[in-house]
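Welcome to this short tour. Please open your viewer, keep the selection tool handy, and follow along one stop at a time.

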Amino acid sequence: MDHELVEAAAHLARTRCQGDNHTMAAAARASDGRIVTALNAYHFTGGPCAELVVIGTAAAQGAYDLRTIVAVGDRDRGVVPPCGRCRQVLLDYFPGIEVIVGDRALPIADLLPETYVWADHQ
């Protein structure tokens with residue numbers, strides 16, 4: 001388990017999540033070892049989750065191969081598993097990524113069994 005990654009997301013959640021607009025933080029480790037962090041942009045229309053924002057932030061920093069990701073909730077909610085939409089996006093962008101859920105890291109495919117694989121239909 002990547003404790004440094006969890007702490008990076010937890011620190012961001014503690015220090016930057018304010019009010020109802022930003023309620024989740026995510027941290028991802030790139031293949032070169034870098035940690036990229038981001039917050040969600042909560043909105044009643046379905047604003048992007050922290051996991052999706054971290055994908056874009058990583059790309060903006062030249063990190064296109066994410067290996068591990070975790071999301072942490074504000075108000076000391078701890079590690080929060082990704083929603084269904086994020087699970088599908090993570091699988092499509094990074095089929096080998098591991099997701100920290102609870103106290104362990106699982107392959108994304110384990111979180112989305114019998115999945116639709118977007119690349120198979122392109």
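Let's begin at the largest pocket, which holds about 160 Å³ of space. A pocket here is an open set of points on a 1 Å grid over the protein atoms alone, where a 1.4 Å probe fits and protein lies on both sides within 12 Å along at least five of seven lines. Its volume is the space filled by probe spheres set on the points, which are joined across faces, edges and corners.

A word on what you are viewing: this is a predicted model, in which local features need pLDDT of at least 70 and side-chain atom pairs count only at pLDDT 80 or more, while totals for chains, interfaces and linings use all residues. Residues are numbered from 1 along each chain as its sequence is written, and side-chain values use heavy atoms, with hydrogens and water left out.

Now select Met 24, Asn 40, Cys 49, Ala 50 and Glu 51: among the 13 residues lining the largest pocket, these lie nearest its centre. Lining residues have an atom within 4 Å of a point. The lining divides into nine nonpolar, three polar and one charged.

Keep Met 24 selected and find Gly 73 in strand 3, which stands opposite. Strands are DSSP runs (E, at least two residues) and helices are runs of H or I (at least four), numbered from the N terminus. Strand 1 (residues 24–30) pairs with strand 3 in the antiparallel sense over seven bridges; two strands pair if DSSP finds at least two bridges between them.

Colour strand 3 (66–73) next. Seven of its eight residues are buried, so strand 3 is largely enclosed by the rest of the structure. Buried means under 20% relative accessible area, exposed over 50%, and partly exposed in between (1.4 Å probe, protein chains only).

Which residue of strand 5 is the bridge partner of Ile 69? Select Val 99 to see it; strand 3 and strand 5 pair in the parallel sense over two bridges. Gly 73 also has Gly 78 of strand 4 as its bridge partner. In the hairpin of strand 3 and strand 4, show Arg 75, which takes a positive phi near 55°.

Last stop: helix 3 (residues 84–93), with its buried residues Cys 86, Arg 87, Leu 90 and Leu 91. They cover an arc of only 135° around the axis, which puts them on the same side of helix 3; the arc is that of the directions from the helix axis to the C-beta atoms. Their cover includes helix 2, strand 3, strand 5 and helix 4, where contact means heavy atoms within 4.5 Å.

Note on methods. Nonpolar A, V, L, I, M, F, W, Y, C, P; charged D, E, K, R; others polar.
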